[in-house]
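Have a look at it first, and then we'll go through it piece by piece.

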Amino acid sequence: MSDCPRDAAIRVLMMPRDTNYHGTIFGGVILSHIDQAGAVAAIRAGCSQVTTVAMDKVEFHQPVKVGELVSFYTEVVKVGNTSITIKVSVEATQRDNGENVAVTSAMVTFVNIDNEGKKIPVPRN
Ligand SMILES: CC(C)(COP(=O)(O)OP(=O)(O)OC[C@H]1O[C@@H](n2cnc3c(N)ncnc32)[C@H](O)[C@@H]1OP(=O)(O)O)[C@@H](O)C(=O)NCCC(=O)NCCS
């Protein structure tokens, strides 16, 4: 384990309720957390509240198992007028050897919205 772990937007411990019928974690559970991690990053970047407008192709490279800690790392890749695009990289810590394996990544675009759901500019720092 590294002395200086990276800061994940969210980390989630996978539970039996998250499995599909053949015992590994359901892909939709990971997609939901990708969406949430991206929203956390957008809000950290100054958005007030966001709605998801697009998520690009997502490929799963490794299965995720019950009891694994899954970390969702984020990076702001583009700030538009009302939109912000976040890259979310997903890693699972294997229970047997503590190694981190890359599971998937996704580009997620959010639109900054007001309380009425109308798009508003993303604040520039
Ligand atoms: C998101 C939403 C508010 C956008 O409203 P809109 O009037 O269609 O907005 P626009 O077409 O002007 O696009 C707004 C921004 O999103 C970007 N955008 C729109 N479609 C996009 C797409 N498919 N991929 C990437 N960016 C996209 C635009 O480029 C624009 O960015 P900019 O202002 O930084 O230049 C509206 O489409 C909406 O409410 N969609 C449903 C969102 C939702 O409910 N998500 C959860 C699904 S359960």
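Which residue does the side chain of Lys 57 meet in a salt bridge? Its partner is Glu 59, at 3.0 Å from N to O; a salt bridge here means a side-chain nitrogen of Lys or Arg within 4 Å of a carboxyl oxygen of Asp or Glu. Lys 57 is exposed at 66% relative accessible area, while Glu 59, at 43%, is partly exposed (buried is under 20%, exposed over 50%, partly exposed in between, with a 1.4 Å probe and protein chains only).

Before going on, keep in mind that this is a predicted model, where local features need pLDDT of at least 70, side-chain atom pairs count only at pLDDT 80 or more, and totals for chains, interfaces and linings use all residues. Residues are numbered from 1 along each chain as its sequence is written, and side-chain values use heavy atoms, leaving out hydrogens and water.

By that salt-bridge rule, the count is three. Another one joins Asp 18 to Arg 17, with the closest N and O atoms 3.9 Å apart. Asp 18 counts as buried because its relative accessibility is 10%, whereas Arg 17 is exposed at 73%. Then there's Asp 7 with Arg 44, at 3.8 Å from N to O, and both of these residues are exposed.

Now for the ligand. A polar side-chain atom of Thr 51 sits 3.2 Å from one of the ligand's nitrogen atoms, and a backbone N or O atom of Thr 52 lies 2.9 Å from a ligand nitrogen. On the oxygen side, a polar backbone atom of Asn 81 is 2.7 Å from a ligand oxygen.

Note on methods:
Polar contact = N/O pair within 3.5 Å; in protein donor to acceptor, adjacent residues only side chain to side chain.
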